[in-house]
Protein chains: 2
Amino acid sequence: MNTLEQQLELEVSTQPRPSSPRFIETMQAYQRTAAMKAAIELDLFTAIGKTSGTVAEISQHIKASERGVRALCDFLVVMGFLSKYLDESEPRYSLTPDSATFLDKASPNYVGIATRFLGSPFLTDAFRDLAAIVRAGGPLTRERSLDHELPLWVDFAWGMAPIMYPVSEQAANLLRLGPEAKILDITASHGLFGIAVAKQNPTAYIVALDFPSVLAVAKENAERFGVSDRYSLLPGDALTIPFGNDFDAILVPNILHQWDRPTIETFLKKVHASLKPGGQVLIIEFAPNDDRVSPPMPASFVLNMLVNTTGGDAYPLSELMQMLRNGAFVAVESHSLLPSPQTAIVGIK
Amino acid sequence: MNTLEQQLELEVSTQPRPSSPRFIETMQAYQRTAAMKAAIELDLFTAIGKTSGTVAEISQHIKASERGVRALCDFLVVMGFLSKYLDESEPRYSLTPDSATFLDKASPNYVGIATRFLGSPFLTDAFRDLAAIVRAGGPLTRERSLDHELPLWVDFAWGMAPIMYPVSEQAANLLRLGPEAKILDITASHGLFGIAVAKQNPTAYIVALDFPSVLAVAKENAERFGVSDRYSLLPGDALTIPFGNDFDAILVPNILHQWDRPTIETFLKKVHASLKPGGQVLIIEFAPNDDRVSPPMPASFVLNMLVNTTGGDAYPLSELMQMLRNGAFVAVESHSLLPSPQTAIVGIK
């Protein structure tokens with residue numbers, strides 16, 4: 001209690017002492033996540049899009065209390081996800097342009113389903129004793145680590161698909177492929193990266209590699225997009241299963257960050273060996289600058305890797321490019337996939 | 001899956017589709033709370049203030065892994081609570097002015113102890129199923145409600161004292177008291193509001209009312225500030241215990257928000273009856289504007305009241321002032337206690 005005592009024993013001053021709003025806001029930031037998760041679960045944004053936006057109408061629509069709806073809506077207005085206006089004496093809520101685009105199920109760009117993954121207790125609970133993880137240097141048990149087959153990866157595949165869809169289109173566009181190209185999509189997950197390549201290259205053939213439970217999602221998406229006749233499944237662990245060879249391109253979307261440097265370097269050599277001469281590797285990553293603290297989203301991803309992996313990292317772009325060169329790739333180049341926080345790196349064998 | 005299907009079936013476009021960084025940031029906002037809580041628990045800021053700020057030195061100082069320290073520090077740089085610079089080849093972290101003031105135990109304004117309350121699992125766990133609370137209109141069980149004696153209130157009394165100390169000084173300064181004034185401090189908690197009155201009015205006598213477990217904290221603080229000879233304890237529940245009468249002032253710091261309107265109105269009548277003619281009531285509250293969505297901190301407090309109370313609210317300032325007038329107080333006035341998010345309301349009998 002020493003510091004508190006020191007503080008409390010300070011003389012009374014007539015000047016206001018400093019306040020610490022940012023600290024308090026940060027200690028309550030978890031409430032923002034809870035509010036968004038609840039709003040998606042209740043389908044609040046869709047209800048606001050469909051109704052005139054009074055508390056009574058919204059409550060009836062989502063079968064929730066008026067007290068709860070009012071508090072949650074006001075909180076979401078403060079967060080900038082809703083607007084509020086007074087129509088005569090009754091307040092009404094309406095969607096902001098951002099919420100109408102992403103959070104109303106009536107929108108083709110709806111991403112709310114991502115709460116299945118981003119709000120999964122498996123992920124959020126891992127942060128409950130972050131101090132212990134910082135002391136230990138990684139997850140406290142093997143079961144808490146993401147680098148093996150988990151039900152969570154099915155949630156990822158379904159949940160993150162709407163967010164990754166535009167990214168996959170941009171990324172696929174970076175490959176230069178001739179006719180009848182043979183593509184390996186490693187840790188395919190939702191499959192969208194490989195599927196985007198198949199759609200943009202009507203004679204390309206895709207081999208999707210992932211754990212079996214997850215490949216079921218990729219297969220369903222391949223059917224949905226009409227490319228299943230050029231799509232096959234390779235169930236297994238990317239670190240141990242043989243890839244085959246003579247691929248024109250190998251896709252490595254959002255997996256390297258889960259591994260340590262030696263694992264990545266070994267993996268990239270295996271990728272290199274599986275490509276035709278002139279073949280391309282396409283890596284998608286969170287790739288911060290060399291300072292490791294910018295831009296905000298790729299840089300802050302490092303905490304997820306500390307909490308959820310034993311050796312992963314948010315590798316700076318320059319390190320990723322160097323690892324490709326070390327793996328004998330030539331003509332390595334990078335492309336920011338704005339407005340997403342992701343970066344594509346293309347290496348040629 | 002309808003909406004996902006709609007989305008996935010959209011034609012491939014060469015234009016980048018919209019991205020949703022604010023949604024993703026919000027779904028990960030809980031990580032900011034976890035990072036701050038861990039940093040305080042590890043006493044990371046104090047260690048950075050004492051060392052040259054390299055990962056090796058910080059890790060040694062707080063007995064944590066280098067991998068963990070680097071990830072947490074980088075994350076805190078992104079959040080704006082640390083600075084990072086490259087000294088020759090080695091990165092070093094340093095405190096921002098805000099962190100040096102509030103988060104380094106060597107500072108007299110250290111507030112880190114507030115994580116005991118703000119980061120208490122009792123509070124944070126209550127948000128785990130916010131959708132159910134919104135449906136129900138309040139806490140799912142009586143045990144989850146804050147309006148009775150709880151160990152949490154002792155954490156509040158110790159933890160929030162450094163944050164409330166400057167507020168209590170400003171608030172006490174609003175009272176106009178003659179010699180030998182008799183003051184009742186209702187739900188005294190840490191006791192700082194009554195203690196500030198005692199310090200500013202050297203002949204004032206304070207009666208502190210709260211649950212017995214909490215009054216132990218107020219008593220200790222009264223001794224620490226040298227006012228214990230003018231300080232007595234009234235253990236009990238503010239809603240049921242008789243107050244006594246002929247008080248010159250009654251302090252009501254941060255309690256009204258936990259109650260519904262009828263309870264507050266009954267309570268204020270009891271307060272009125274316990275004051276001398278001309279006596280003052282001093283209320284401290286989160287008091288948003290009539291729109292209930294500004295300023296951000298007082299307005300967003302409403303979610304805490306939904307989650308943790310059966311009838312509480314973030315009452316707008318105009319409603320609080322009206323409730324005082326309804327309780328027969330005259331000359332009701334309000335004072336913003338900037339830079340804190342709190343407001344003082346003074347009513348005269």
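**Exercise 1. Find which residue of S2(A) is the bridge partner of Ser83(A).**

Step 1. The partner in S2(A) is Ser94(A).
Step 2. Now place the strands. S1 covers residues 82-87 of chain A and S2 covers residues 90-95 of chain A. Strands (E, at least two residues) and helices (H or I, at least four) are DSSP runs, numbered from the N terminus.
Step 3. Six bridges join S1 to S2, and the two run antiparallel. Strands pair if DSSP finds at least two bridges between them.
Step 4. Look at the turn. S1(A) and S2(A) form a hairpin with two residues between them. Glu88(A) in the turn has a positive phi of about 50°.

A note on the model: it is predicted, so local features need pLDDT of at least 70 and side-chain atom pairs count only at pLDDT 80 or more, while totals for chains, interfaces and linings use all residues. Residues are numbered from 1 along each chain as its sequence is written, and chains are lettered from A and ligands numbered from 1 in the order in which they are written.

**Exercise 2. Work out what rotation superposes chain B on chain A.**

Step 1. The rotation is 180°, with 0.0 Å of shift along its axis and an RMSD of 0.0 Å.
Step 2. In chain B, the C-alpha of Tyr30(B) is nearest the axis, 1.9 Å from it.

**Exercise 3. Describe the contact of chains A and B.**

Step 1. Chain B gives 98 residues and chain A gives 98 residues. Two residues are in contact if their C-beta atoms, placed from the backbone, lie within 7 Å.
Step 2. On the side of chain B, helix H3 (residues 30-41) gives the most, with ten residues.
Step 3. 99% of the interface residues of chain B are also interface residues in chain A, so the copies meet through the same surface.

**Exercise 4. List what Ala35(A) touches.**

Step 1. Leave out residues up to four places away in sequence.
Step 2. In chain A, Ala35(A) touches Leu72(A), Phe75(A), Leu76(A) and Met79(A).
Step 3. In chain B, Ala35(A) touches Leu130(B) and Leu303(B).

**Exercise 5. State which residues of helix H11 of chain B are buried.**

Step 1. Apply the cut-off: a residue is buried if 20 or more other C-beta atoms lie within 10 Å of its own.
Step 2. In H11 (residues 151-159), Asp155(B), Phe156(B), Ala157(B), Trp158(B) and Gly159(B) are buried.
Step 3. Their cover includes helices H8 (115-118), H12 (161-172) and H14 (212-224) of chain B.

Definitions and conventions: A residue is buried if 20 or more other C-beta atoms lie within 10 Å of its own, exposed if 12 or fewer, and partly exposed in between; C-beta atoms are placed from the backbone. Copies are superposed by least squares on the C-alpha atoms of residues with pLDDT of at least 70 in both.
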